[in-house]
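Me: I have a new structure to read. Please show me how to go through its features one by one.

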Amino acid sequence: MAIRYDLIVFEKFTYKGQQRHKAHKVGSAMSVKGGFMLFIPPGVSVSGRVMMVPDKVKLDEIDLLEAYHNAADEHGV
């Protein structure tokens, strides 16, 4: 059985002088032999860093943001 994932990007904005992030689901993915197949709906334009998380794992906004920043720090971006 293929594992399914959600594809997420973060919007960075300032609210009342504080930096904030908002997660947006932009598509889904599934594992296939030797890689992944991505499903991005027509009309959705994706750029920048895309985070892929298992769709059955219910992470709250803080968990997602922490994982996003940890990955960025680890890869120096």
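Reply: Start with the surface. Accessible areas come from the Shrake-Rupley method with a 1.4 Å probe, and for residues only the protein chains shown count as cover. Here the accessible surface of the chain comes to about 6000 Å². Carbon and sulfur atoms hold 55% of that surface.

Me: What should I know about the model and its numbering?

Reply: The model is predicted: local features need pLDDT of at least 70, side-chain atom pairs count only at pLDDT 80 or more, and totals for chains, interfaces and linings use all residues. Residues are numbered from 1 along each chain as its sequence is written, and side-chain values use heavy atoms, with hydrogens and water left out.

Me: Which elements does the chain have, and in what order do they run?

Reply: Helices (H or I, at least four residues) and strands (E, at least two) are DSSP runs, numbered from the N terminus. This chain has one helix and four strands. Read from the N terminus, the order is β-β-β-β-α.

Me: How do I read strand pairing?

Reply: Strands of a sheet pair through backbone hydrogen bonds, either parallel or antiparallel. Two strands count as paired if DSSP finds at least two bridges between them. Strand S1 (residues 4-15) and strand S2 (residues 18-32) run antiparallel, joined by 12 bridges. S2 also pairs with strand S3 (residues 35-39), again in the antiparallel sense, over five bridges.

Me: How do I read the backbone angle phi in the turns?

Reply: Most residues other than glycine have a negative phi, and most peptide bonds are trans. Lysine 16 has a positive phi of about 50° although it is not a glycine. Lysine 16 lies in the loop between S1 and S2, and that hairpin has two residues between its strands. The hairpin of S2 and S3 also has two residues between the strands. There, glycine 34 takes a positive phi near 80°.

Me: Is lysine 16 buried or exposed?

Reply: Buried means under 20% relative accessible area, exposed over 50%, and partly exposed in between (1.4 Å probe, protein chains only). Lysine 16 has 72%, so it counts as exposed. Across the chain, buried residues make up 23% of the 77 residues.

Me: What about phenylalanine 10?

Reply: Phenylalanine 10 sits in strand S1. At 11% relative accessibility, this residue counts as buried. Its bridge partner in S2 is alanine 23. The C-alpha atoms of phenylalanine 10 and arginine 49 are separated by 8.1 Å, although the two residues are 39 apart along the chain.

Me: How many salt bridges are there in the whole structure?

Reply: A salt bridge is a side-chain nitrogen of Lys or Arg within 4 Å of a carboxyl oxygen of Asp or Glu. The search finds one. Aspartate 6 pairs with lysine 25, and their closest N and O atoms are 3.1 Å apart. The pair links distant parts of the chain, with aspartate 6 in strand S1 and lysine 25 in strand S2, 19 residues apart. Aspartate 6 is buried at 17%, whereas lysine 25 is exposed at 57%.

Me: How do I read contacts?

Reply: Contact means heavy atoms within 4.5 Å. Take valine 50, in the loop between S3 and S4. Leaving aside neighbours within four places in sequence, valine 50 is in contact with Leu7, Ile8 and Val9. Valine 50 is partly exposed, with a relative accessible area of 41%.

Me: Which residues form the nonpolar patch on the surface?

Reply: Patches are made of residues with over 30% relative accessible area and no salt bridge: like charges are joined within 9 Å, nonpolar side chains (Val, Leu, Ile, Met, Phe, Trp, Tyr) within 5 Å. Here the patch is Phe36, Leu38, Ile40, Val44 and Met52. Together they have about 420 Å² of accessible area. Phenylalanine 36 belongs to strand S3 and is partly exposed at 47%.
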